[in-house]
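User: I'd like to go through a few of the labels on this one and see what backs each of them up.

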Amino acid sequence: MYALSCESLTKSFRKGKGKRVQALCGVGFAVRAGEIYGILGPNGSGKSTLVRILATLLLPDAGRAQVLGYDVVRQARRVREVIHRVSTEAAFFKKLSPLENLLYGARLYGVPGRKVIRRARGLLAELGIPEDKQVRPMEQLSRGQQQKVAVARALLIPPPVLLLDEPTTGLDPRSKREVQELIRGLRDEEGTTVLLTTHDMEEADRLCDRVAILDEGRLVAEGSPRELKEQIRTDGQPVSMEDVFFALTGKEWDDEG
Amino acid sequence: MRAELFTRPLRRELVATWGFVARNLHLTKRYWGWELVWFAYSLTSSLAVAYIGLGTERLAGAAVDGRALTLYLLVGTLVWAYLSQIFYVISEMVAWERWEGTIEYTFMAPSLRLTHLVGTSLFAVIYGIARTLLILAAASAFFDIPLVGANLPAAGLWLAVGSVSFVGFGILAGVMPLLFPERGVQMTNVLAALLLLVSGVYYPVEVLPAWMQVLARMSPATYVIQGMRGAILEGVGLDQLARPLLYLALGGVGMILFGTWAFSQAERYAKRTGRLKRSG
């Protein structure tokens, strides 16, 4: 059984009168348990729509998606019990402290605050949030620190499946590296399955076991970073994931919106 | 810890209920400046309305019992302060989370939507009672509030049953911000204003035009305010209240059930059309 799978997933949105935007067109892939699977694509390629469907926040128009064998539409509550999602926007109550936000998150999962407070403090400290900042309003923390708190919240009750929607966007290089190490550690030590969306080619190369390239709502390629590089190598010269992306989507930077 | 997630569903929902209450209590504490502003605004509004009673006596002469009118107005304004607070807290829960940017996080949690609604409603009642008692305490420094002859247990019962009705009304109104990310809150405010107009908060509903009296009969606030006035001003006992209280309670429970169903349908619609996202 795959930890995560999609078949012919399709989703469109209404934009203005009579207009529809196709966000996903028949997307299908499967992620093995304990794998770090990257979805690589430019802005507007459908990455976040895909993650939202898997997180039960959106209903697909057609197709099927399963998390640990649970259908995201018909068994949404079961799916919610086994996933966590970290998105680009740190979704917090800005006036609450990191600790208060984490305890709220734990209670939503039915775990009393007193049972996790020590672990919450430890996780925050491990991610470099000093003790005094753990009790200050989130709005007083930097963007990088807020994103680390988002990661800590997702790890507070370790989920079997972690959905990471561009978790390192906007982080400085050091914070980015720390978050990446944490993701890798989670997979290595807890066996967590990770679906990671990113438009950072280097991140995908370094972190992911396999990568799918999503462009205008369609999967245009899938494979390990090495396989994808081999696919486009012609003259024995070193190839980067950036080269792979542009070769397979047929796009230049100027085309990105 | 994960095993615990699957083994004790009721306990888990109770913890999640407390999670919503605790979160809102923390938020109230952190937004204390605004709380102070809204309290001052509510208190001055209540006082201004109550002074109309004494002012009318001065203007109209001995024909008007200013103290009785003041008490009549004070009961109306305090009950409305309480009920409207419940209505606003519940009906704006989606809009509030959308504004904070946490709506997707909360809706992605494994707790039941019913737990979400119960937790928010519980906080709304606690908050509404605390706030109204503070306004009452402050108002009593300005007016002599004679409660001799008042039937306080009956008044408490009216308020309790009225709370149930307004929880249902709030849940139903909370559907609008789910369906209309931008205009939803505006709609709930219009609804609250309409309730204020037709429910006899400051005057008997009989003075309203016939078509507005029809609306008055549909508003649970009308019955709660009339009942509270009867209990506090005339000492009406529980023996005379059984039937209207029962109707109000049944209506309230019906409203909660219908509101919860409507909310779940609206959530499904929002998930189909992508309206949960905070940008709308």
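**Checking the labels**

User: Why is Cys6(A) called buried?
Analyst: Its relative accessible area is 4%, and buried means under 20%, with exposed over 50% and partly exposed in between (1.4 Å probe, protein chains only). So Cys6(A) counts as buried. Bear in mind that this is a predicted model, where local features need pLDDT of at least 70 and side-chain atom pairs pLDDT 80 or more, while totals for chains, interfaces and linings use all residues. Residues are numbered from 1 along each chain as written, chains are lettered from A and ligands numbered from 1 in written order, and side-chain values use heavy atoms, without hydrogens or water.

User: What about Cys25(A), buried or exposed?
Analyst: Buried again: Cys25(A) has 17% relative accessible area.

User: How do you know how many disulfides there are?
Analyst: A disulfide needs two cysteine sulfur atoms within 2.5 Å, and the count over all chains is zero. For Cys6(A), the nearest cysteine sulfur belongs to Cys25(A), 14 Å away, so Cys6(A) is in no disulfide. Seen from Cys25(A), the nearest one is that of Cys6(A), also at 14 Å, and there's no disulfide here either.

User: What makes Tyr41(B) exposed?
Analyst: Tyr41(B) has 53% relative accessibility, so it passes the exposed cut-off. This tyrosine sits in helix α3 of chain B, residues 32–60 (helices are DSSP runs of H or I, at least four residues; strands are E, at least two; both numbered from the N terminus).

User: Which residues line the largest cavity, and what makes it a cavity?
Analyst: On a 1 Å grid over the protein atoms alone, a cavity is a set of points where a 1.4 Å probe fits but cannot get out, and lining residues have an atom within 4 Å of a point. The structure holds two cavities of 30 Å³ or more, and the largest has a volume of about 50 Å³. Its lining includes Val86(A), Val151(A), Leu164(A), Pro167(A) and Ile183(A).

User: Which elements of chain A supply at least two residues of that lining?
Analyst: They are α6 (143–156), β7 (161–165) and α7 (173–190). The largest share, four residues, comes from α7(A).

User: And what is known about the largest pocket?
Analyst: A pocket is an open set with protein on both sides within 12 Å along at least five of seven lines. The largest one has a volume of about 1,400 Å³. Its lining has 36 residues, with Trp38(B), Gln85(B), Tyr88(B), Glu92(B) and Tyr127(B) nearest the centre.

Key
Grid points are joined across faces, edges and corners, and a volume is the space filled by probe spheres set on the points.
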